[in-house]
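Hi there,

Here is the structure I promised to pass on to you. Please open it next to this email and follow along as you read.

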Amino acid sequence: MRIYITSVPISDYDNAVEFYTGKLGFVKKRDIEMGHAMRFITLVSPEDPDGPELLLEPNAEHRGIKALREALAEDGIPITSFAVKDLDAEYKRLSGLGVLFTQKPMRQGGWYSAVLDDTNGNLIELAEVPSA
Amino acid sequence: MFTCNTLVVDLIFKALADPTRRSILDELSKHDGQTLFELCQRLLFEHKVESSRQAISQHLDVLEAADLIRIKRQGRYKFHFINTEPLKTIQQRWSHKERS
């Protein structure tokens, strides 16, 4: 068994693709029309094109997801986490692109992490991950 | 502003009487304007406070009631700031009078 996909809740495909490809730098892997204006869009890291895919899940208006996202945002809790090689460089690059960080880079217990707003209603953690 | 309002003073002392709440103030005085998520991580790693986020949230309510922290909302986010103003009440109350 292996982990092949993870998802972030979104409400607008174009805005989500713009942020996750244009700002974060992921690339589109699948974009399948599902009918009823639904699409199956997954993104991958250009550093790991065969690695886990990020599914843009259009469920942001679901009442459960809505309640979850409001509570997470209020407490500043990220919905998922992406690994970076150089957090300082990413923080500088993304801040320069106008990305809002709710937590600046912070070193705690061997982890170096920051939290950003994905402009799609989610907080995302970026982390320099120590080897296990 | 100097006040002798007993209720207000009680809230300040109650808030300061707990070591976790003092650690929260320590962390905010080092890095002001933190989300609950950031604060919990700093408390865990720097003060070995292993309380749940819910427990920390309740400590923050007590500190806010004493006006020792202030919450600023920015869109959907909540940031916590230290406010040392109420401590002046305590300091002024027992301030040492210089003898000539």
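Predicted model: local features only at pLDDT ≥ 70, side-chain atom pairs only at ≥ 80, totals over all residues.

Below is what was found in it, starting with some ground rules.

Residues are numbered from 1 along each chain as its sequence is written, chains are lettered from A and ligands numbered from 1 in the order in which they are written, and side-chain values use heavy atoms, with hydrogens and water left out.

Helices (H or I, at least four residues) and strands (E, at least two) are DSSP runs, numbered from the N terminus. Two strands pair if DSSP finds at least two bridges between them. In chain A, four strands make an open sheet with mixed pairing, in the order E1-E4-E3-E2. E1 (5-9) and E2 of chain A are at the edges with a single partner strand each, so one side of each has no neighbour in the sheet. On average, neighbouring strands here are turned by 25 degrees against each other, direction ignored.

Take a look at E2 (residues 27-35) and E3 (residues 38-44) of chain A: they run antiparallel and are joined by seven bridges. A:Val27 stands opposite A:Val44, and A:Gly35 stands opposite A:Met38. The two strands form a hairpin with two residues between them, and A:His36 in the turn has a positive phi of about 55 degrees.

Helix H1 (residues 13-23) of chain A lies across E1, E2, E3 and E4 (53-57) of that chain, at about 5 degrees to E3(A). For such angles, axes are lines fitted to C-alpha atoms (for helices over the stretch in contact), and angles run from 0 to 180 degrees between N-to-C directions.

Another open, mixed sheet of four strands has the order E5-E8-E7-E6 in chain A. Its edge strands are E5 (80-83) and E6 (101-108), each pairing on one side only. The twist from one strand to the next averages 20 degrees. E7 (residues 111-117) and E8 (residues 123-128) of chain A pair in the antiparallel sense over six bridges, and A:Ser113 has A:Ala127 in E8(A) as its bridge partner.

**Where the chains meet**

Which strands of chain A does H3(B) lie across? H3(B) lies across E6, E7 and E8 of chain A, at about 10 degrees to E6(A).

In total, 15 residues of chain B are in contact (heavy atoms within 4.5 Å) with 21 residues of chain A. The two chains bury about 1,600 Å² between them, 55% of it on carbon and sulfur atoms; buried area is the accessible area (1.4 Å probe) that two parts lose on being put together, summed over both. In chain B, B:Phe37, B:Arg76 and B:Tyr77 lose the most area to chain A, together 41% of what that side buries.

The rule finds two salt bridges across this interface, a salt bridge being a side-chain nitrogen of Lys or Arg within 4 Å of a carboxyl oxygen of Asp or Glu. B:Lys78 forms a salt bridge with A:Glu74, with the closest N and O atoms 3.9 Å apart. On the side of chain B that touches chain A, the elements giving two or more residues are H3 (36-47), E1 (69-74) and E2 (77-82) of chain B. H3(B) gives the largest share, seven residues.

Happy exploring!
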